[in-house]
Amino acid sequence: MAKYKTAALKSWERAKEIRADYYRNYEAAHEKGGLRWAGGAWTFDAVPAGLGDDVYPITSEPYGATIAFQKDFSDRCLEAAERAGYARDLCAYMRNYWGSIILNEYGWAEPGEERKPFPKPDFVWQDHICCSHAKWYQVVSDLEGGIPEYCVDVAIGPYEKTTEHGVDYVVGQLHDGIEWLEKTTGRKYDDEKLIQAVYNTCRAESTWAEICALNKAIPAPLEEKTMYSLYVLGTLQKSSKDVADFYEELKAEVQDRVDNKIAAVENEHSRVMTDTQPPWGFLRVFRYMANKYGCVSVGSLYTFALIGNWVWDEKGNFVPRPTPQSLGVEIKDRDQALRVLVEWELSKPEWQHFYHPKYKSDMMIQIAKDWSLDGVMLHYNRGCEGLSLGIAENRLAILEAGFPVMVFEGNMGDEREFDEARTVARIDSFMESLGVPKLE
Amino acid sequence: MIEMFQEWYENRHEYAKYWKEKTGGKVLGYFCTYVPEEICYAAGVLPVRILGSHESQDVTEPHIFAMYCPFCRDCLAQGLEGKFDYLDGIMIAQSCLHVRQAYTSWELHVPTDWSYYLPMPHAVQSPRALPYLVEELKKFKTALEDWTGKKITDDDLRRGIEILNRDRQLMKQVYDLRKREEPPLSGLESMYMVVASQITDKEEHARIVEDSLKELENRTLGRPIGQRLMILGSEDDDHEFIEMVESCGSTFVIDDHCTGTRYFWDEVSLDGGDPLTAIATRYVNRVPCPTKDWPVRTRTPHILSLAKEWDASGAVILQQKFCDPHEIDIPAIKRALEDQGLTTLFLELDVTVPIGQFKTRVEAFLEILQEEDLF
């Protein structure tokens, strides 16, 4: 008999709908007289929102992951990028993305329909914190025969050491970027739309963190495989009202699951977290853990904080960061909007390890304590130099803090670098070392 | 005289220890050539670049995941093995993620009195980079003052600038000699000269370069020059590899490396203005590392111009395995070189290189170039 009751997530269909609309809208933008732009999941997407409601983005990392999930198509994309001379050890999302352009096939296809040609963006709006971010789009521009590119450097050091001149540097680039957007698109910029997009960004990111905080509950109302499909909406368009509204609806549902002890894994016996992007083509390993051992992965710093925004409170707790609007901040003009946005985004936990692994280690250890974890599974991800950065030091720090750690090597977007059988065998050994028996 | 550079290269630790004993000054190990050494010299500190040893090691695996470049792991190994135990401090100027891990793991595991992370901007093509870097250099100067207990005046900064500029000018004179039909020094000797300038007192280095220039004026290599080659790509101070290529009937006449031209090519233009602004301007405008070369790929025309001016007939493109910034640029740069009529050879480096296998490929490459000469 199951230990807890469980139920499908009611918000699931709405999440799927938002994602499908996102890819459809990008593809069809020109039919409606709109614009398409491309940039990363990390970019300040609230800024192009000021160009109008008919300006649609495609964010590169989720697009690369979408391709990775379609293993046959991904293989063709990866091989196309390699044939064009790009090294096999580069970011796997990037290679999937480039391959999709080289093959001229769009990674999103309606069920039963043939792939359409890759919809060329009108401009690139990117930011740069990992070595590949800005350079990714140099190659996109090469492959597409030239696309105007604007990229914002955000690497001004860890948030705890933020300086006024550092914020000025990033805000200044955004001011220049708005002028560039007007010149490039021929559109007049609407500051009111920017302000609303900034509010939406903060609301979406704070609410997603609140949802993740609810996963401290035992049993966990969400498991990570499901969370991947939910957090991704923020990576698509964190500044959109639809995404912010959805997260509020989702939070209410997750709270209800907590109140009624509705579990994500009906036989939850042990809890772990992971790290970095998963091997997208092999998410069934999470099902294996749940079904075989009653082990639930409650999330990761990646799922919690690539989109979610968190803060250390005065008591040293790691908590969702309250939005500026909830603290009474009223944005009145463009400069203030950009400053609020920059200060907000620079504080995101997933941005901190770029400067030192100690920031990430501290947060992961706190999560391990507060989310009542039995162990940690680190994905040594060959596909992402940005998020695997410092991971070996994180392992040492987490072990030193007393949490068992399992390491598995793979690649988020290149199935040729993931050994599923070996990973499953490692999971078996890890569960045995944690003293977690197989379910009857 | 020119042999001195090799001696310094091979005995860098002894040199730094001796310098410390002789002057009583502090030695600062640094991880990337974006570190503004002018300010270190102004503070009376000797900056020495932390480089690898090209020897296999087994100490970095617990600290850096193996998908990061062999260079950063080799650098960290030097610290973990205690080879830089004389350092008084370490620093990095923000560049690629790979070498950043060597710095952060060093800070975590190698006892160090002083450590500094300079967030050198990446958007060097933005007008916002310069004012930001000026402010960061002010912070860095203050941190150095606190560390050394010595106030750094504008005159000190000007002196630091002059020391660096002098060495840069002399190195450019050396490189000019390599344009000759019969270059008076090999690519290997040239590499020793540049790397030696990264690990020795630049005033002393400049004196020896100045003397060497006299020697080089009438020097010949005493062997056929063979094919004139350019070398470019990721960090490379692998003397064994360079020596092998040059022993197969070729001479490296020019490079685009951070152990070569990229390190010394641009001077600080003082013109009586604020010294920190002048220094910041140099680092923003210098020939960039690919990490900072966006949105426009400015290195490409620079590389093409070097190849043309030094009359290279082929280019060896080297990449440290897993070096993402170079890997992304290489296809475009390779195409541009080939469009200009240069044949290219692409090779991927690890901490140690398979000299035998590479030799076969280099010989085939040189044969292709010779055929092009014939027909």
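This is a predicted model: local features need pLDDT of at least 70, side-chain atom pairs count only at pLDDT 80 or more; totals for chains, interfaces and linings use all residues.
Residues are numbered from 1 along each chain as its sequence is written, and chains are lettered from A and ligands numbered from 1 in the order in which they are written.

Staying with chain B, its secondary structure comes to 15 helices and eight strands, where helices (H or I, at least four residues) and strands (E, at least two) are DSSP runs numbered from the N terminus. The radius of gyration of chain B is 20 Å, close to the 21 Å that the globule rule gives for 375 residues, so chain B is as compact as a globular protein of that length; the radius is taken over C-alpha atoms, and the rule is 2.2 Å times the number of residues to the power 0.38. Along the principal axes, the C-alpha trace of chain B spans about 65 × 50 × 45 Å. Of its 375 residues, 65% count as buried, meaning under 20% relative accessible area, with exposed being over 50% and partly exposed in between (1.4 Å probe, protein chains only). Of the contacts in chain B with a separation of 6 or more, 76% are between residues 24 or more positions apart, a contact being heavy atoms within 4.5 Å. The mean positions of its 41 positive and 64 negative charges are 5 Å apart; here Lys and Arg count as positive and Asp and Glu as negative, with His and the chain ends not counted, and each charge is placed at NZ of Lys, CZ of Arg, CG of Asp or CD of Glu.

Now for chain A, which has 15 helices and 12 strands. Its radius of gyration of 21 Å agrees with the value near 22 Å that a compact globule of 440 residues would have. Buried residues make up 64% of those 440, and chain A exposes about 15400 Å², of which carbon and sulfur atoms supply 48%. It carries 50 positive and 70 negative side chains, and the centres of the two sets lie 3 Å apart.

I would like to look at one helix in each chain. Helix 5 of chain A, residues 133-144, reaches 17 Å from its first C-alpha to its last, close to the 16 Å expected, the expected span being 1.5 Å times one less than the number of residues. This helix is mostly covered, with 10 of its 12 residues buried, among them A:Trp136, A:Tyr137 and A:Glu144. What do the buried residues of this helix pack against? Their partners include helix 2 (60-69) and strand 5 (149-153) of chain A, together with helix 14 (324-339) of chain B. Just after the helix, A:Gly145 takes a positive phi of about 75 degrees.

Helix 5 of chain B, residues 97-109, reaches 18 Å, close to the 18 Å expected, and 10 of its 13 residues are buried, including B:Arg100, B:Tyr103 and B:Trp106. Its buried residues are covered in part by helix 13 (357-370) and helix 14 (391-400) of chain A, and also by helix 14 of chain B.

Finally, the backbone. Most residues other than glycine have a negative phi, and most peptide bonds are trans. Where are the cis bonds that I would point out? One joins A:Ile218 and A:Pro219, with omega about 0 degrees, and A:Pro219 sits in the loop between helix 7 (191-214) and helix 8 (224-237) of chain A. Another runs from B:Trp294 to B:Pro295, with omega near 0 degrees, and B:Pro295 lies in the loop between helix 12 (275-285) and helix 13 (299-309) of chain B. As for phi, A:Asn104 has a positive value near 55 degrees; this residue is in the loop between helix 4 and strand 4 of chain A and is partly exposed, with a relative accessible area of 41%. B:His54, in the loop between strand 2 (46-49) and helix 4 of chain B, has a positive phi near 60 degrees.

Terms used. Side-chain values use heavy atoms; hydrogens and water are left out. Accessible areas come from the Shrake-Rupley method with a 1.4 Å probe; for residues, only the protein chains shown count as cover.
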